[in-house]
Every structure is written in C-alpha cells, then in structure tokens.
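Dear colleague,

Please find below the structure that I am handing over to you. My findings follow directly after it.

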Amino acid sequence: QQFDEPIKSISLDPEEKEAAEKLAKRLRHRGRVIQELIDTESVYLKDMNVVEEIYKGTAEACPKIEPSDVKTIFRNTDQIVAFSTMFLDELKAAGASVYSPRLQKSRQSRNIAISPTDEKLSMTAPHIEESDLDKDRQTRVGEYFGRHLKEMQIVYTDFLKSSEQASARLTTLQADSAVKVWLNECNHVAKDLTAAWDLDALLIKPVQRVTRYQLLLKQLLELTPDDHPDRHTLKSTLAEVGGLLKSIDDLKKRIDTVNKIVGR
C-alpha cells in the first residue's frame, strides 16, 4: 500500500504506458535470448570437455581401439574445445551489459524478493527503461560472433564432414565386449558431468550447436530494432551461419555420394 501514491504520481498517458510496457517486454525477451546463447555455450563446452578428457583421453587404454580409430571417431574435438573456450569468452564480452551468470542470478533470487509493486515501478518509471535500453544498445553479439565465423567454419566443417564415417566405426567397435566395458566405465564417470547419456549423444552435439546458433541469432534479430548499433552485423552473421550449415550439408551429401559409388 505504501507504494501506491508514488505509482499514481508518475503521469503517463495510456499510449505512453503501453509503449513503455512493450519496450520493457522486448528488452527482457532480448536479454533472455542473449543469456541463453551464453549459458548454453557454457554447457556445450562442458560436454565437449567430457568427450575430450574422459572418452578420447582414455580410448587408447582400451586394447581393441587403435590410434586410427581414435582419429576417426573423435576427429578434431580438441580444436572444438579450444574454439568454444575462446568463443564463450567472446560471447560474454558481447553481452556483458545485460548478462548475469547463473550463480549470480540464483543468489539474487534468494536474497531479493521482487514484489508485484516493484514490477509495476520498473514497468512505469521512464528512467529505468532508459537505463535498460542503454544497456541493450551496448550489446554486440552480431559483431563479436561475426569475428569468428571463418574459424568456426574450418573447425566445424572438419568435424561434421565425416560424421557418418565416425558413427559407423563406433557402431562396429561397440560390438566388442572390451569396448563395451570401456564405454560403460566412461559413461559412469561422465554421468555427473553431462546430461548426455553416452558417447553417441555427445558426438552429435557439434551439429546441434551450429543449428542452435542459427535459431538463437534469428530470435535475436527479430527482437532487434532497425536503429540498434548491432543490427546490421547481426543480420549478416545470421546469413553466414545459414550458409555454413548449407555448405556442411552439401559437403556431407557429396561425400555420401562418393562413398556409395566406391561401395558399389
């Protein structure tokens, strides 16, 4: 009740109030997309570290797995880990003005109870909206993302172009009892570190990640006004990520065609 008078004292006509509410909603939505992009990159990096350290790191200890098998199955996961480590830092820098790590967010939610009245104030007070708008306009996801597209293309094309070959070899090896024991031991060690249930599920992560980049960038662009400083680079980056997915798909189709001809 004590906050009712200050709210009434802020004079906004219905149109201004509606515009302020729409702006606040868009900024919150845009912030959540940036948050998801960064948080999911962090989870993805953890998953790829599990592949690199637990599975690939112990593979040669299994007597039925040759060094050539390790190369076929894991390909350049070390490069993916190195790229994602760097890229996560870049994404955090790009969204620093609106991003808060999960740990910090959870602490805030425990320590600060946001009442419906507080929410009304944040929706109504123009100075708060302007502050949030200024923070949003400082984000540079398109710019920072675009800086690393060439390296991303090299790293992911190398990994994804031989996905079928890797999957086929792993399937063959899994028929061996010694390989099954090794995989079960790895699965047991990894179960508390990743939500993926086995190595097959982990090795699908890179193609899923590039596809998710495209979806998140598309969402972000839809929430980005024409006058946002990052809109142009965000639009061009989204187009290039779409081109990357298409080129990888075309390459895999060509390889598959060649393999079928050779097989015949």
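This is a predicted model: local features need pLDDT of at least 70, side-chain atom pairs count only at pLDDT 80 or more; totals for chains, interfaces and linings use all residues.

**Overall architecture**

From the N terminus on, the elements of the protein chain run α-α-α-α-α-α-α-α-α-α-α-α-α-α.

Of the 264 residues in the protein chain, 38% are buried. The accessible surface of the chain comes to about 15500 Å², and carbon and sulfur atoms account for 53% of that surface. Among contacts between residues at least 6 apart in sequence, 86% join residues at least 24 apart.

**Helix α11**

Helix α11 covers residues 177-190. At 1.5 Å a residue, its 14 residues should span 20 Å, and the end C-alpha atoms are 20 Å apart, which agrees with that expectation.

The buried residues of α11 are V179, W182, L183, C186 and A190. Seen down the axis of α11, these buried residues fall within an arc of 95 degrees, so they line one face of the helix. They pack against α2 (14-59), α3 (67-74), α10 (163-173) and α12 (199-203). The face of α11 turned away from the buried side carries the exposed residues S177, N184, E185 and H188.

At the start of α11, a side-chain oxygen of D176 reaches to within 2.8 Å of the backbone nitrogen of A178.

With kind regards

Conventions: Residues are numbered from 1 along each chain as its sequence is written. Side-chain values use heavy atoms; hydrogens and water are left out. Helices (H or I, at least four residues) and strands (E, at least two) are DSSP runs, numbered from the N terminus. The expected span of a helix is 1.5 Å times one less than its number of residues. Buried means under 20% relative accessible area, exposed over 50%, partly exposed in between (1.4 Å probe, protein chains only). The arc is that of the directions from the helix axis to the C-beta atoms. Contact means heavy atoms within 4.5 Å. A polar contact is a pair of N or O atoms within 3.5 Å; within protein, one must be able to donate a hydrogen and the other to accept it, and residues adjacent in sequence count only if both atoms are side-chain atoms. Accessible areas come from the Shrake-Rupley method with a 1.4 Å probe; for residues, only the protein chains shown count as cover.
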